[in-house]
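Look through the model below before reading on.

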Amino acid sequence: MTKKVLNADELRAEIKRLVKEYYDVRFGTAPGPEQGKIRQVRYAGRVFDQDEIVNLVDSSLDFWLTEGRYAKAFTTAFKDYLGVRHAFAVNSGSSANLLALTALTSRLLGPKRLKKGNEVITVAAGFPTTVNPIIQNGLIPVFVDVEPGNYNMLVEQARRAITADTRAIMLAHTLGNPFRIDEIMKLAEEYDLWVVEDCCDALGSTYKDKKTGTFGHVSTFSFYPAHHITTGEGGMVCTDDPLIAKAVRSFRDWGRDCSCEGGQNDRCGCRFTKQYGELPAGYDHKYVYSHIGYNLKMTDMQAAIGCAQMEKLPRFIERRKENFRLWEKGFKAFGKYFLLPVAEPDSDPAWFAYPVTVKEDAGFTRTELTGYLSRNGVETRNLFAGNMVKQPAYLQVEKRIVGNLENTDVIMERTFFLGTYPGLASDQIVYSLECIRAFLKEKGLE
């Protein structure tokens with residue numbers, strides 16, 4: 001009997017079928033806790049099903065290794081979800097932050113562009129990649145303190161920090177908790193400042209029923225596995241400003257002046273018709289560089305995963321909120337030992353995590369508690385860098401510090417967080433709370 005020879009489309013369909021079957025065998029029947037015992041409570045992790053793997057394999061069959069059809073679909077879906085005019089997929093959230101701030105140094109922005117020596121206001125209690133682009137662009141970070149329990153910038157202190165050299169504010173929504181956006185934007189308007197809105201932990205959070213990432217002049221997102229959706233590594237830069245968008249694209253794509261996508265020729269209509277810099281007239285526009293740029297694009301395989309994740313985003317957001325509420329309910333019993341998190345009024349955070357601060361008179365230290373939890377399989381994390389200005393890399397950096405950062409120092413000494421990610425089950429949260437109660441009993445406090 002002659003074996004039927006399948007064509008390419010039939011083979012692709014068969015491969016997809018087998019991939020679904022593989023998922024069911026490899027991932028679809030994950031073993032439960034042994035004898036009802038929970039082995040590990042992760043603070044974060046990737047949540048996926050067969051859709052992500054099918055998309056990933058499907059994209060690999062095209063062997064289009066840079067941006068392609070999935071990147072276009074992912075960017076469009078993300079842009080539509082957020083309601084912005086321009087979105088650019090990049091290889092990480094860190095790169096997104098670098099591009100967002102670097103775009104504001106572009107000559108396209110005329111006299112408003114950031115120049116070396118300008119000041120950018122930020123907070124010391126955060127993650128390095130919100131601050132690093134300031135330093136990397138020869139700008140001066142100005143560090144201000146944050147609110148206890150809210151962990152976001154003290155707006156009045158930011159106001160006092162403004163000088164004639166201040167040109168921008170670069171700020172993250174801490175752990176998905178929106179900062180006081182209307183007050184920050186009012187401050188920016190009053191002093192003609194740029195606002196870079198770092199939403200790497202805040203995809204799906206809202207402020208006054210408007211999504212985070214739509215307030216600042218430019219916003220950023222991360223798709224690292226710990227975040228609200230994942231592409232493994234990956235990020236996005238968003239803006240409504242066409243000049244900022246043009247600058248972001250150029251810096252992302254080696255500094256090219258041309259906006260044609262990979263594989264396109266002369267979509268811009270300028271390929272052999274203009275003169276740039278001191279190049280000869282008619283020099284190929286595909287090789288004209290108007291910025292000192294990078295190559296920070298996302299691959300199509302990453303974007304393929306992102307397309308499947310976007311379908312799950314609403315469910316992921318609700319699960320994070322549900323898990324936060326479970327932590328909140330449980331920690332009410334421990335209120336005399338911990339400062340519990342406070343959401344900004346008029347906000348609805350899609351919490352990245354559940355942060356708590358050990359009170360000074362609690363009778364135990366953060367390290368004692370987090371060490372106990374770790375020994376019992378419960379993961380925790382400190383609030384990122386604690387106090388950035390005390391980290392080794394930033395000791396000799398040119399900077400300005402406003403006040404004494406006393407709240408930031410408390411965070412450095414006594415704050416930690418627990419997970420809210422969608423893969424976290426309610427019984428794992430109950431187990432973790434039982435561990436905290438057992439710790440307190442050991443200390444003679446319960």
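In this predicted model, three strands form an open sheet in the order 7-6-11, and their pairing is antiparallel. Strands of a sheet are held together in pairs by backbone hydrogen bonds, and the pairing may be parallel or antiparallel. Strand 7 (210–211) and strand 11 (347–348) are the edge strands, each pairing on one side only. Strand 6 (residues 206–207) runs antiparallel to strand 11 and is joined to strand 11 by two bridges. Across this pair, Thr-206 stands opposite Asp-348 of strand 11.

Nonpolar side chains tend to be buried together in soluble globular proteins. The largest nonpolar core here has 33 residues, and those touching the most other members are Ile-121, Val-144, Met-153, Ile-169, Leu-171, Ile-184 and Phe-352. At least two residues of this core come from each of strand 2 (119–123), strand 3 (140–144), helix 6 (155–161), strand 4 (166–172) and helix 7 (181–191). Helix 7 contributes the most, with four residues.

Which residues does Ile-121 touch, leaving aside those up to four places away in sequence? Its contacts are Val-142, Val-144, Met-153, Ala-158, Ala-161, Ile-162, Thr-166, Ala-168, Ile-169 and Met-170. There is also a second, separate core of 29 residues, with Val-378, Ile-429, Leu-433 and Leu-440 among them.

A search of the whole structure finds one cavity of 30 Å³ or more. The largest cavity holds about 60 Å³ of space. Its lining consists of 13 residues, and Gly-45, Val-47, His-227, His-228 and Phe-316 lie nearest its centre. By type, the lining has six nonpolar, five polar and two charged residues.

Terms used
Residues numbered from 1 in each chain as written. Predicted model: local features only at pLDDT ≥ 70, side-chain atom pairs only at ≥ 80, totals over all residues. Heavy atoms only, no water. Pairing = 2+ DSSP bridges. Core = buried A, V, L, I, M, F, W, Y, C linked by side-chain atoms within 4.5 Å. Buried < 20%, exposed > 50% of the residue type's maximum accessible area, 1.4 Å probe, protein only. Contact = heavy atoms within 4.5 Å. 1 Å grid on protein atoms, 1.4 Å probe; cavity = no way out; pocket = protein on both sides within 12 Å on 5 of 7 lines; lining within 4 Å. Points joined across faces, edges and corners; volume = space filled by probe spheres on them. Nonpolar A, V, L, I, M, F, W, Y, C, P; charged D, E, K, R; others polar.
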